[in-house]
2 protein chains.
Amino acid sequence: MEIPPVVIDRLPLYARALASLESSGREVVSSQELGQQLNVTPAQIRKDLSYFGRFGKQGRGYNVQKLLEELRRILGLNRQWRMALIGTGRLGRAILGYEGFGPQGFRIVEAFDSDASMIGKEMAGLTIHDTADLEKVLGAGPVDVGIVAVPAETAQNAIDRLVKCGVRAILNYAPIAAHVPRGVQIKRIDPVLSLQGMTYYLKAGNSSPK
Amino acid sequence: MEIPPVVIDRLPLYARALASLESSGREVVSSQELGQQLNVTPAQIRKDLSYFGRFGKQGRGYNVQKLLEELRRILGLNRQWRMALIGTGRLGRAILGYEGFGPQGFRIVEAFDSDASMIGKEMAGLTIHDTADLEKVLGAGPVDVGIVAVPAETAQNAIDRLVKCGVRAILNYAPIAAHVPRGVQIKRIDPVLSLQGMTYYLKAGNSSPK
C-alpha cells in the first residue's frame, strides 16, 4: 500500500512529541492530547497511524513507548545515516557545526568544496575534498543523504551529480526548486516559506491560532 | 472565521506555484494541475481556498494572476517586513548573506551578538549591536520578525526578550522547542525533521512517491 507523502511528513512530528512525553515519564497518551500539542486533529492522527496497523485501544489512548518504537522503526530512525555535504562556505560551515544531527543518527562523513582555498582543510574532523572528486570519493564510500549548500547557480549540477552517485535523498539549502528523477527524495530548507506562513498573523485583524 | 493554521501554511506554497506559472505566461490553472505540482489533492486546494471566498469557476480553473494577487494580499506578501537577527556566528552570518529574503520582502535591519569580538563590526551593511542593547535598539526602531541564531542554551532567553519588545513572529534556528505566549508566532527551521521525512523512503521495500 502506498502511504501518502503528507502522512510520512507528519510521522517525525509524532515521534518527536512522543519522545518528549516518554522522557517526562508518560506511559499513555490520547490522540486528543497528541493532536493538541501538534495542532493536528485527533481524527487525522488516528487516520495517519492506521496506515501502519493498530496502535491504540479504543478509549485507552496510545502506549507512548510502544508507539514511539514503532514510528522509529517505520521511519528508519533507529539506525545511522551517512551524509555528504557539498559546499563549505558560511552556510556549509554552519551545517557542519550543527549539533542537532548526531543525536538523531545523522552524520556528515564527507565534505566537498570547489574553492581551492578550502580544499584539503580540516573541519569538524573531516578533510575537505575537491568537488571534482565527488564521484571518486562517494564511489569508495557511499552515503545515504546529500546536503547541498552551494550557490543557486551550481546547485542543480551538484544535485545531478549526487543522484548519479546513487544518493537517493537530498537536503537542499540552495534557493532553487531543484529537479530530481523518480525515486529520489528531495527536501528544501526554505526560511521564506516559514516566514510567509507567519506574516498572515502579523496583519491587523487576523487572530492568532495560539 | 478562524482559518486552521495548516491551511495558512499551505498558502505560501500555492502562491509560489502560481508565481512560477505566471512568470511562464500561464493565465489559467486547474486545481488538478496545481495539486499535482504540489502533491496536494485538488479537493484540498479547493477547500483551502474556499476559506477566503470564491476564486475559481466550476470547470474553468483559476485565473492565475488574480488568485496570486489575492493570496499575496491575504498573506501580507505585498509589503516589506523588518527583521532583527540575534546571533552572528557561523549560522547568523549565513543567514545575513542569504539572498532569498530580499526579493520576497523580508529585510534584516538589525543584527545583534553578545560576543565582544563581533560587536561594532560591519556586516552586510549593518553594524552589529550588543545583544544587551536589544530593548533599546528595537524600542527605537521596532521590527516585525525576530530571527534567532544563538546556541540552544540561550535561545529561549533571546526569544523571551524579543517577545517583550513586541515582536510577534519568531524564526527559530536553534535546536530547541521554544515557548512563546499566545498571540506570538514561532517557526523552527529544523533540518532533522526534513531528513526524517526522507529516511522512510531510503529503507528497503518502501516505494517512492515520485
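Predicted model: local features only at pLDDT ≥ 70, side-chain atom pairs only at ≥ 80, totals over all residues.
Two strands pair if DSSP finds at least two bridges between them.

**Chain A as a whole**

Chain A has eight helices and 10 strands in its secondary structure. Its C-alpha trace spans about 60 × 45 × 35 Å along the principal axes. Of its 210 residues, 48% count as buried. If you look at contacts in chain A between residues at least 6 apart in sequence, 54% of them join residues at least 24 apart.

**The sheet of chain A**

Six strands of chain A form an open sheet with parallel pairing, in the order E7-E4-E3-E8-E9-E10. Its edge strands are E7 (129–130) and E10 (185–188), each of which pairs on one side only. Strands of a sheet pair through backbone hydrogen bonds, either parallel or antiparallel. Within this sheet, strand E3 (residues 81–86) of chain A runs parallel to strand E8 (residues 145–148) of chain A, and four bridges link the two.

**Strand E4 of chain B and its partners**

Why is strand E4 (residues 106–113) of chain B described as largely enclosed by the rest of the structure? Seven of its eight residues are buried, so the rest of the structure largely encloses E4(B). E4(B) pairs in the parallel sense with strand E3 (residues 81–86) of chain B over six bridges. To get from E3(B) to E4(B), the chain passes through helix H5 (residues 90–96) of chain B, making a right-handed β-α-β crossover. E4(B) also pairs in the parallel sense with strand E7 (residues 129–130) of chain B. The table sets out the two pairings, each with a residue pair to look up.

| Strands paired | Bridges | Example residue pair |
|---|---|---|
| E3(B) and E4(B) | six | B:Ala84 and B:Glu110 |
| E4(B) and E7(B) | two | B:Phe112 and B:His129 |

**Two helices that cross in chain A**

How do helix H2 (residues 31–38) and helix H3 (residues 42–50) of chain A pack? Their axes lie 8 Å apart, at an angle of about 105 degrees. That angle makes H2(A) roughly perpendicular to H3(A), because angles of 65 to 115 degrees count as roughly perpendicular. On the H2(A) side the contact involves A:Ser31, A:Gln32, A:Leu34 and A:Gly35, which meet A:Pro42, A:Ile45 and A:Arg46 of H3(A). By type, the residues of this contact are three nonpolar, three polar and one charged.

Leaving aside residues up to four places away in sequence, A:Ala169 touches A:Asp144, A:Val145, A:Gly146, A:Val184 and A:Gln185, along with B:Met198 and B:Leu202 from chain B.

Over in chain B, B:Val180 sits in the loop between strand E9 (169–172) and strand E10 (185–188). B:Val180 has a relative accessible area of 18% and is therefore buried, since buried means under 20%. From B:Val180 to B:Ala169 the C-alpha to C-alpha distance is 9.7 Å, and the two are 11 residues apart in sequence.

Technical notes
Residues numbered from 1 in each chain as written. Chains lettered and ligands numbered in written order. Heavy atoms only, no water. Buried < 20%, exposed > 50% of the residue type's maximum accessible area, 1.4 Å probe, protein only. Right-handed = clockwise from strand over helix to strand, strands pointing away. Axes fitted to C-alpha atoms, helices over the stretch in contact; angles between N-to-C directions. Parallel < 35°, antiparallel > 145°, perpendicular 65-115°, else oblique. Contact = heavy atoms within 4.5 Å. Nonpolar A, V, L, I, M, F, W, Y, C, P; charged D, E, K, R; others polar.
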